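Subject: Structure handover

Hello,

Here is the structure I promised to pass on. Please open it first, then read my notes below.

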Amino acid sequence: MYKVLIVDDEEFIVKSLLMGTDWNSCGFEVAGSARDGVEAYEKICRIKPDLVFTDIRMPGMSGLELIKNVQAIHKDILFVVISGYAEFAYARKALDYGAVGYCLKPFDDEEITKVLRKAAKILINGGRKEKPDIIPLLEEETSEARHQLDSYFTSNGIAEGDKIVIVASIGKELTIENKQYTAIKTGSNKTIYIGKYEDFSSIAHSIEAIPEGVKGVGIYEGTYSAFSMRKYIDEAFTLAYQFFTTGTRKITNGINGNNIDIETLMAKYENAFTKMDLSELVRHLDNFYRNAVDGRLSIKHAMNIFNGYVKFSIRNLGEDCYEEYVYNFDDLCYLFIDMYTMVEYIKEKITGFMGTNINVLTDEVRNEYFKKIINYINQNFFKDISIRSLAQDFVINPNYISQLFRKELGMTFTDYITKMRMNYAKELLQKTEYSQGEIAAKCGYSDYFYFIRVFKKTTGVTPGQFRHKE
């Protein structure tokens, strides 16, 4: 059992922690308590607890001072801060001083259990704290971010100028029989594996059969520098998403697109839309599909092809079609199983548009439906929701739903759900210790990088800057 000391100048807080927490099930036992910072410091030196729960504001010595003074001589003792909401800024400073977590008053049993399990994991690992969350650092281009990235990769045996191999997997995590690599979760179902070329290349390229539960694997090589890693990861994931364009689960280490001029093909494709030439459009779409199956197109091309159709729809069906724009790979994979289903969908839509007049519903649906839709979104905004899925669930024309959003709320569906998600993200950033990756997933974003970009566009700052601003 690991020993715990509870420090708070309010007796009922100490008692509530003592009586309301199942310490033993988490591997801890309470070895004592203290009512102020000075008494706590004395007991810590005498009892030598493994973990200390401490309040921020206390007579004699504050919680922050206690943490600093103890860690100067006992670096292996862990701290958890307990505080009220108004003291959050102090709690954040405590985290900067090395506290492993904090719990807000009044206490939540699940929250305390989570913090205890995190502390136990650190203690089991010999007091080594978890690796830093480097996802936000990859998105920034500052000297501080570069310094932290260099420190992270140096600790994993990778230095400036080293040739490296990046393996991206989508779906279940890979089991790689090699210890000379570092794994980074970049999304709820995405993982990057990075190693030095001489240590990792033969292992990465020897992966022959794609494991069950993995949709795609991409392998990319480069030369390490802090600010190149974001590009390398993008390239590796672009290769991993070849399962979408080819329609098969596979391992990809390159795209065989050197012998086609995709820009010229895209220009002709968009020109066919302008001319309203149905036969030419179908021919281009069939050509795109053949090249995709042969491994000559990437998911980036697929996304541009789909958005080319959306631009046509906007010009001819009105601005409500903006809702169909796809901004990241996951959105495209959510809409369609593969390139074939996407191409067939576009062909069906443009054939229907050019062959008949599309009548947009106006008065047939009552506003009570819209209230049900809003209630559903409010309760499920953190899930995968789109205009198309709402239309299917509520049996309503998707264009009419878009019109209702503008008429009733003065905003688009995308604006509304983004606002809901961003407000929730700000709450989690202010009131919890979840990593930015965890917050992205809880807000409905499977791609952490995309979450960071949306957050910055909405608030003007990155999630990390928002969390640490005074």
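Of the protein's 470 residues, 48% count as buried. Keep in mind that this is a predicted model. The protein has 22 helices and ten strands.

My notes follow, starting with helix packing.

**Helix packing**

Start with α17 and α18. Helix α18 covers residues 398-409. The two helices pack at an angle of about 110 degrees, and their axes are 9 Å apart. Angles of 65 to 115 degrees count as roughly perpendicular, so α17 and α18 are roughly perpendicular to each other. On the α17 side, the contact is made by Ile387, Leu390 and Ala391. On the α18 side, Pro398, Ile401 and Ser402 take part. By class, that contact has five nonpolar residues, one polar residue and no charged ones.

Next, look at α19 and α21. Helix α19 spans residues 413-431, and helix α21 spans residues 448-459. Their packing angle is about 95 degrees, with the axes 11 Å apart. That angle makes α19 roughly perpendicular to α21. From α19, the contact uses Thr418, Met422, Ala425, Lys426 and Leu429. From α21, it uses Phe451, Val454, Phe455, Thr458 and Thr459. By class, this contact of α19 with α21 has six nonpolar, three polar and one charged residues.

**Aromatic pairs**

How many aromatic pairs does a search of the whole structure find? It finds 26. Two of them are worth a look.

Tyr376 lies in helix α16 (residues 367-380), while Phe394 lies in helix α17 (residues 387-394). The pair therefore ties together parts that are 18 residues apart in sequence. Tyr376 is partly exposed, at a relative accessible area of 30%.

Then go to Phe381 and Tyr424. Here the centres are 5.5 Å apart and the planes are at 85 degrees, so this pair is edge-to-face too. It links distant parts of the chain. Phe381 sits in the loop between α16 and α17, and Tyr424 is in helix α19, 43 residues apart. Is Phe381 buried or exposed? Phe381 counts as buried, at 9% relative accessibility. Tyr424 is partly exposed, with a relative accessible area of 31%.

There is also an aromatic cluster. Tyr445, Tyr450, Phe451, Phe455 and Phe466 form it.

Some background for the next two residues. Most residues other than glycine have a negative phi.

Lys48 has a positive phi of about 55 degrees, although it is not a glycine. Where is Lys48 found? Lys48 is in the loop between α2 (37-47) and β3 (51-55). At 46% relative accessibility, Lys48 counts as partly exposed.

Val395 also has a positive phi, near 55 degrees, and is a residue other than glycine. Val395 is found in the loop between α17 and α18. Its relative accessible area is 71%, so Val395 is exposed.

**Two single residues**

Asn307 has its place in helix α13 (residues 299-317). Asn307 is buried, with a relative accessible area of 12%. Which residues does Asn307 touch, not counting those up to four places away in sequence? They are Tyr325 and Val326. A polar atom of the Asn307 side chain lies 2.9 Å from the backbone oxygen of Val326.

Gly20 is in helix α1 (residues 11-20). Gly20 counts as partly exposed, at 36% relative accessibility. Leaving aside residues up to four places away in sequence, Gly20 touches Lys15 and Asp109. Gly20 and Phe107 are 87 residues apart in sequence. In space, they are 9.0 Å apart, C-alpha to C-alpha.

Over to you.

Best wishes

Definitions and conventions. Residues are numbered from 1 along each chain as its sequence is written. This is a predicted model: local features need pLDDT of at least 70, side-chain atom pairs count only at pLDDT 80 or more; totals for chains, interfaces and linings use all residues. Side-chain values use heavy atoms; hydrogens and water are left out. Axes are lines fitted to C-alpha atoms, for helices over the stretch in contact, and angles run from 0 to 180 degrees between N-to-C directions. Helices (H or I, at least four residues) and strands (E, at least two) are DSSP runs, numbered from the N terminus. Angles under 35 degrees count as roughly parallel, over 145 as roughly antiparallel, 65 to 115 as roughly perpendicular and the rest as oblique. Contact means heavy atoms within 4.5 Å. Ala, Val, Leu, Ile, Met, Phe, Trp, Tyr, Cys and Pro count as nonpolar, Asp, Glu, Lys and Arg as charged, and the others, Gly among them, as polar. Buried means under 20% relative accessible area, exposed over 50%, partly exposed in between (1.4 Å probe, protein chains only). A polar contact is a pair of N or O atoms within 3.5 Å; within protein, one must be able to donate a hydrogen and the other to accept it, and residues adjacent in sequence count only if both atoms are side-chain atoms. Rings of Phe, Tyr and Trp (its six-membered ring) pair if their centres lie within 6.5 Å; planes under 30 degrees apart count as stacked, over 60 as edge-to-face and the rest as tilted.
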